[in-house]
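Subject: That structure you wanted to look at

Hi,

Have a look first, then read on for what turned up.

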Amino acid sequence: MSVPFVDLAAIHDPLREAMLSAIASVIDRDAYVLGAEVDAFEREIAAWLDVPHAIGVSSGTDALLSALMALDVGPGDEVVTTPFTFFATAGAIARLGATPVFADIEPRSFNLAPARVEAALSPRTKAIIAVHLFGRAADMDALSAIADRAGVALIEDAAQAIGAEWAGRRVGGLGRVGCFSFFPAKNLGCLGDGGLVTTADDALAARIRRLRTHGGEKRYLHNEVGGNFRLDALQAAVLRVKLPELEGWTAAREANARAYDAMLRQAIPAEALLPPDPGPGRHAWNQYVVRIPGGRRDAAREALSAEGIGSAVYYPLALHQQPCFQTGARTAGPMSEAERATAEVLALPIAPGLTPDGQEQVVATLARALAP
Ligand SMILES: *Cc1c(COP(=O)(O)O)cnc(C)c1O
């Protein structure tokens, strides 16, 4: 029996008819870009996230890009962020001619270490991007205090964390701006690319709405240069079908995480495999990432693969190690925790559709591969 890393069919099959009729209704109305479907989705997800403004955009990457543009980030500015994240977090900074400044992570949360962020600040710092990696909220109390003291904007990259909570509040509504992705493998995915920007700031929201249509104030009048960052009506229609299911999917991910915790702790000593720390808030479990120290991670992954079990390494290189960031980026202090993580992390299947049998097979295979 093989165990897929993500079983999208398990998520989509029960919704197939509802998605097809939502798509058909967009075709019947012949309105494909922004419009009523996107407006309705924005209202529904703003309520779900408990944020005043939600702006549908073309991807999580463009959510980050338009948020940074709306905050006037540009050449000469620095933006402090984590080196242990998907490329887009720092790519968006560099694309605007600003300098990504990397601060190291905490070993258990895999998120920015607040003290390292504080040490990374300079007179050029314009913003901090906190990433809620794998679905676990970053330490928003400490990071908000640092951003406030420094007078810089705190941006949340919540691409992996929709539904996660910090102190009882959903992520994406805690900083100045929140950025989400609807890439198919995220916890709420569309059928292609899509993203969202959230904010409580009316002026910032209005500016992001302009930036997503080439900075147009109204048709053919442009006071600034934006981009084509629009969300498609077809994707909004699909997202409106899927959003009511998100809470159930998150509960399934939580149940899978709890089951792994119990099974792994029983089957494998913590020196050989360390399960993730769920943290103080609500974890959205986009990924269930274990640590396998001692240079045995790759062998464990091969053992899984030989049994037809999917797994993934997020991320094999930290961003300060990427060739493109050997210039135009800066590290603030050693990046030893991020580098150690690249050698030890392994993401196991956790998405809804994972069966108890499949989960047992994952754990048994790891236990065999990591036996002393
Ligand atoms: C997926 C992801 C993004 C980018 O989202 P896309 O929709 O793929 O452009 C940004 N940041 C993080 C942390 C992500 O995981």
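Let's begin with a definition: a salt bridge is a side-chain nitrogen of Lys or Arg within 4 Å of a carboxyl oxygen of Asp or Glu. The idea behind it is simple: side chains of opposite charge can pair when their charged atoms come close. Here, Arg29, Glu37, Glu44 and Arg240 are linked in a network of such bridges.

Before going further, two notes on what you are looking at. This is a predicted model, so local features need pLDDT of at least 70 and side-chain atom pairs count only at pLDDT 80 or more, while totals for chains, interfaces and linings use all residues. Residues are numbered from 1 along each chain as its sequence is written, and side-chain values use heavy atoms, with hydrogens and water left out.

(Helices, H or I with at least four residues, and strands, E with at least two, are DSSP runs numbered from the N terminus.)

Arginine 330 is partly exposed at 30%, whereas glutamate 78 is buried at 8%.

Another pair is glutamate 344 with arginine 291, which meet at 2.7 Å, N to O. Glutamate 344 belongs to helix α12 (residues 336–344) and arginine 291 to strand β12 (residues 288–291), so parts 53 residues apart in sequence are tied together. Glutamate 344 is buried at 10% relative accessibility, and arginine 291 is buried too, at 4%.

Then there is glutamate 224 with arginine 207, whose closest N and O atoms are 2.8 Å apart. Glutamate 224 is in the loop between β11 (221–222) and α9, and arginine 207 is in helix α8 (residues 202–211), 17 residues apart. Glutamate 224 is partly exposed, at 21%, while arginine 207 counts as buried at 17%.

**The nonpolar side of things**

In soluble globular proteins, nonpolar side chains tend to be buried together. A nonpolar core, as used here, is a set of buried Ala, Val, Leu, Ile, Met, Phe, Trp, Tyr and Cys residues joined through side-chain atoms within 4.5 Å. The largest one has 54 residues, and Ile45, Ile128, Ile162, Phe182 and Leu188 touch the most other members. Among the elements that give two or more residues to this core are α2, α3, β4 (125–131) and α10 (246–267). This core also draws at least three residues from each of domain 1 (8–245) and domain 2 (246–369); those bounds come from an automatic or database domain assignment.

Alanine 164 is another one to click on. It is buried, with a relative accessible area of 0%, in the loop between β5 (153–157) and β6 (165–166). Alanine 164 and alanine 284 are 120 residues apart in sequence, yet 4.7 Å apart in space, C-alpha to C-alpha.

**Cysteines**

Cysteine 190 is buried at 0%, while cysteine 324 is partly exposed at 44%.

Most residues other than glycine have a negative phi, and most peptide bonds are trans. Aspartate 30 has a positive phi of about 55°; it lies in the loop between α2 and α3 and is exposed, at 57%. Aspartate 72 has a positive phi near 60°, in the loop between α4 (60–70) and β2. Finally, the peptide bond from tyrosine 314 to tyrosine 315 is cis, with omega near 10°, and tyrosine 315 is in the loop between α11 (297–306) and β13.

Cheers

How values were computed
Buried < 20%, exposed > 50% of the residue type's maximum accessible area, 1.4 Å probe, protein only.
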